[in-house]
Amino acid sequence: MARKKSGGRREPKFEGRSSLDGLRLSRTDRVGDSNDYEDEDEPPVRTSRREKPEPSREGRPRKGRAAAKTSLRKRFGRVAYWSVVLGLWAMIAAVGVVVWVGAHLPSIQSLEIPKRPPTIQIVGTDGSVIATRGEMPGANVALRDLPSYLPNAFIAIEDRRFYSHFGIDPIGIARAALANVLHRSVAQGGSTLTQQLAKNLFLTQERTLQRKLQEAELALWLERKYSKQDILELYLNRVYFGSGAYGVEAAAQKYFGKPAKNVTLFEAAMLAGLVKSPSRLAPNRNPEGAEKRADTVLAAMVDAKFITPAQQKTAAAHPSFAVKPTGAGTINYVADWIGEVLDDLIGQVDQNIVVETTIDPKLQSVAEAAIIDELAAKSVKFNVSQGALVAMTPRGAVRAMVGGRNYAESQFNRAVTAKRQPGSAFKPFVYLTALEAGLTPDTVRQDAPIDIKGWKPENYSHQYFGPVTLTQALAMSLNTVAVRLGVEVGPQNVARTAHRLGIASKLAPNATIALGTSEVSPTELVGAYATFANNGAAVSPHVILRIRAADTGKMLYVRPPDPGSQVIDPRYVAMMNAMMHETLVIGTAKKADIPGWYAAGKTGTSQDFRDAWFIGYTAHLVTGVWLGNDDSSPTRKATGGGLPVEVWTRFMKTAHEGVAVANLSVPQTSNPISDFFQSFSRETPSAQPLGPAASDQATYAREPSPGAGRYGQPAYPARGGNTRPPPTQASGRPEADAGLSGGGWLMDRLFGR
């Protein structure tokens, strides 16, 4: 135990600072090998920190040159190595891109020149083509049949090196890239004619890198499969020239009214210039821009030595003027409407078809002129910017449709798509509901202020005439009577009546429905009025009669005959026709006049003069006119009895020229209202008053209405009794010789409704 303790660890002890004085480290005690020193007896010479031993002068240059050579060899080796590696990866990436692009293309083995997309020809009642939809290709023309300057114009401006490249032109791409860099914009394109053909045949117009790569691959394929002449001929027959025209034949016919083989040098240059921007440079839209671009093409042809400077000067001195293309103008609204319903009738259009329509080209021109001329003359005065017109037969066949004043500026079809408040033009549905509820045209109701839960509708003139008949109230468009009738028969019943007659829009069944606050489209409103002209039979507005295949003549669709279901009792039809006839005699549409024809109708003006309507009809035609603004801004007091009646009268007079007179169904009894007002007028009645023949007249028994005395006034007697005219106010009334009809005192208070 004692040894173990004595052999234990002993810690050194230092007795103060002096005990370290004898401690010294020898050379062998230092870290490192003693052989580092050449002479063990001599310690190494110490140098100061600033002084460093210089290397041998003799060995320094030899060692530096060798190191430099070694470094240079290493760097070169690394560059060569990485160049090879990157080159291999670039090749792999390029192959991968080609494979990826090719995988998104149709099989090269199965590629064929595709058929032209289907063309839709729309013809009128006279068999003439009034519009074309889809593409409008002309017949394929052979390159040998065209004047040489026509294809040369395209080569000069689009692809100068066409005959020397292999589908892709690297020189042209480099030149275009340099020009774009210098101009800091896209000044030139590098696509060849072959690439453009590949794009037109197989690809979309999207601007993406993938599409450009696909275009390049297809261009190489086309160059391998077809000759240069074949490619150029395909290009000229497939390139797009704007306005739906594909190929030089269609473009020459559309813009110059002649076949492609007869175009002049300047016209050829104009066609070649169109390819850059068909919509912007079309000669029928931008003749100045088209001529300027044609001059550029002529200069390029001189530079390419295709023509001489003398030929250029001669061509520029005789520029071409575009002809008005077939089917231009408002007929395009009809064409758009047809395009919307084709899928429902025959499914997807996959072949050229001919659509036979109910449109009368002559009436379409008259309707277009009536709308455009009226707006041109009075749009500023009345702050009216747009208009629409729909004309159809009593059976619903649309003869003319104008969806706006300028199709090029706005393709929105206001005749079909737009929905506006009809105002008082909706009132016939209220009065028809009242007749079906047991009232008669001679039933009396009070024209006086009314308050319905705080709503206080007023007449246009802000004056009231006391007890009036329903015929008077409708003819003079008295709002208070219409509202009273609507509440009396029930707004829900009024809405049902309107829907039964063909109104498809949603109607709010409240008290305001009597004043036409629910929006409808002109086409459905005119179709509903057509029921009155069709003796109460249901009417379905339509424009397509037949559709046939253009190539084979196979009939694809034939409109089935209308079921002819009766939606209004003929007795009430006769009453309504007679009541609305008074609107043209003593009411708000006195300007409407068709000599020799018995006509009826109703005006309408919405709140704040936002919409002005007139829908009128004869036994031959039903026509509705709407005028207003697209943003529903108020007009300057444009009323239904003003501009719309003027447009309607101009159109209907022409539409009835040379047509055998037919008559509407009306009651046999004479109308005491017209007789009463004419007795106050100094105008001489016509020697041959308008009206239907006796054989066409319907009859109805005028029995007292259960509600005739509801407002304190008895009903008018049916026949031969004393009729009591509506009371008039003495204050403000002109002298008696002014008359009450023909623009007298009463109508001056009521114009516009």
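A residue is called buried under 20% relative accessible area, exposed over 50%, and partly exposed in between (1.4 Å probe, protein chains only). Helices (H or I, at least four residues) and strands (E, at least two) are DSSP runs, numbered from the N terminus. The model is predicted, so local features need pLDDT of at least 70 and side-chain atom pairs count only at pLDDT 80 or more, while totals for chains, interfaces and linings use all residues. Residues are numbered from 1 along each chain as its sequence is written, and side-chain values use heavy atoms, with hydrogens and water left out.

**Exercise 1. The surroundings of a strand**

Task: Determine which residues lie on each side of β13, and with which strands β13 pairs.

Solution. 
Step 1. Strand β13 spans residues 611-617, and seven of its seven residues are buried.
Step 2. On one side are Asp 611, Trp 613, Ile 615 and Tyr 617; on the other are Ala 612, Phe 614 and Gly 616.
Step 3. Two strands pair if DSSP finds at least two bridges between them. Strand β12 (residues 600-605) is joined to β13 in the antiparallel sense by six bridges, and Thr 605 has Ala 612 as its bridge partner.
Step 4. Strand β14 (residues 622-628) also pairs with β13 in the antiparallel sense, over seven bridges; here Phe 614 is partnered by Val 625.
Step 5. The hairpin of β12 and β13 has five residues between the strands, and Asp 608 takes a positive phi near 60° in it. The hairpin of β13 and β14 has four residues between its strands.

**Exercise 2. A residue in a helix**

Task: State whether Ala 434 is buried or exposed, and which residues it contacts beyond four places in sequence.

Solution. 
Step 1. Ala 434 belongs to helix α15 (residues 427-436).
Step 2. The relative accessible area of Ala 434 is 0%, so the residue is buried.
Step 3. Contact means heavy atoms within 4.5 Å. Beyond four places in sequence, Ala 434 contacts Leu 439, Leu 485 and Val 489.
Step 4. Ala 482 is 48 residues from Ala 434 in sequence, and their C-alpha atoms are 9.9 Å apart.

**Exercise 3. Confidence**

Task: Find where pLDDT stays under 50.

Solution. 
Step 1. pLDDT is the predictor's confidence in each residue, from 0 to 100. The protein averages 79, and 72% of the residues score at least 70.
Step 2. Values stay under 50 over residues 34-42, with six contacts beyond four places in sequence, and over residues 677-753, with 150 such contacts.
Step 3. Where pLDDT is low, the predicted coordinates should not be read in detail.
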